[in-house]
Amino acid sequence: MADEVREGDLDYFGENPIIITKRKMVVKASQNRYLLYFSDERHNESLQVPGHRTKVAKWRMKDRMKTISVALVLCLNIGVDPPDVMKTYPCARTETWIDPTQIQPPNAVKALELIGKRLQEQYERWQAKARYKQSLDPTVEDVKKLCLSLRRNAKDERVLFHYNGHGVPRPTSNGEIWVFNKNYTQYIP
């Protein structure tokens with residue numbers, strides 16, 4: 001259609017007028033709304049050129065990095081609601097599709113271990129070759145020791161740190177996460 005009409009031509013497509021402008025831009029008027037689009041040949045051509053490789057996006061790293069280690073840190077504190085969050089009803093109860101309240105007999109440690117195992121299985125589907133380390137309801141020292149050992153073993157490669165803090169306060173304004181002290185009596189950022 002753009003090849004047949006020239007600048008300034010007015011064409012009627014049903015009841016809606018189409019105006020061709022200087023830059024081969026089409027303006028459709030429809031009930032006080034105007035739709036603008038380019039109709040030049042270069043705007044209608046296919047973007048995929050056969051045999052032409054697309055450039056790698058700038059955000060993508062040129063050298064592939066491997067995820068060597070994965071830390072699965074779960075501070076669930078099962079059976080205790082987070083202190084700074086108002087619980088709504090109904091609320092989410094499952095962690096990795098396991099409802100800790102439905103485990104018989106009721107045992108928070110067993111539920112935490114099942115959730116950690118299921119989370120690791122889910123990650124292993126994506127990254128089977130990585131080494132996984134679980135840290136279930138850890139103390140500050142446990143998390144520090146885990147991070148240092150994973151970083152040391154990974155050298156220049158990537159380490160994935162998965163943290164789920166369900167039964168703990170929200171992260172601080174500095175981004176610090178909460179874990180237990182040595183006696184499991186209070187949370188420490």
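The buried residues of α2 are Ala-111, Leu-112, Ile-115, Gly-116, Leu-119, Gln-120, Gln-122 and Tyr-123, where buried means under 20% relative accessible area (1.4 Å probe, protein chains only). Helices (H or I, at least four residues) and strands (E, at least two) are DSSP runs, numbered from the N terminus. This is a predicted model, in which local features need pLDDT of at least 70, side-chain atom pairs count only at pLDDT 80 or more, and totals for chains, interfaces and linings use all residues. Residues are numbered from 1 along each chain as its sequence is written, and side-chain values use heavy atoms, with hydrogens and water left out.

An α-helix has 3.6 residues a turn, so residues three or four places apart point the same way.

| Strand | Residues |
|---|---|
| β5 | 67-74 |
| β6 | 131-136 |
| β7 | 158-164 |

What does Thr-96 touch? Thr-96 sits in the loop between β5 and α2 and is buried, with a relative accessible area of 15%. Leaving aside residues up to four places away in sequence, Thr-96 touches Ile-115, Arg-118, Leu-119 and Gln-122, a contact being heavy atoms within 4.5 Å. Of these, Ile-115, Leu-119 and Gln-122 are among the buried residues of α2.

Terms used:
Buried < 20%, exposed > 50% of the residue type's maximum accessible area, 1.4 Å probe, protein only.
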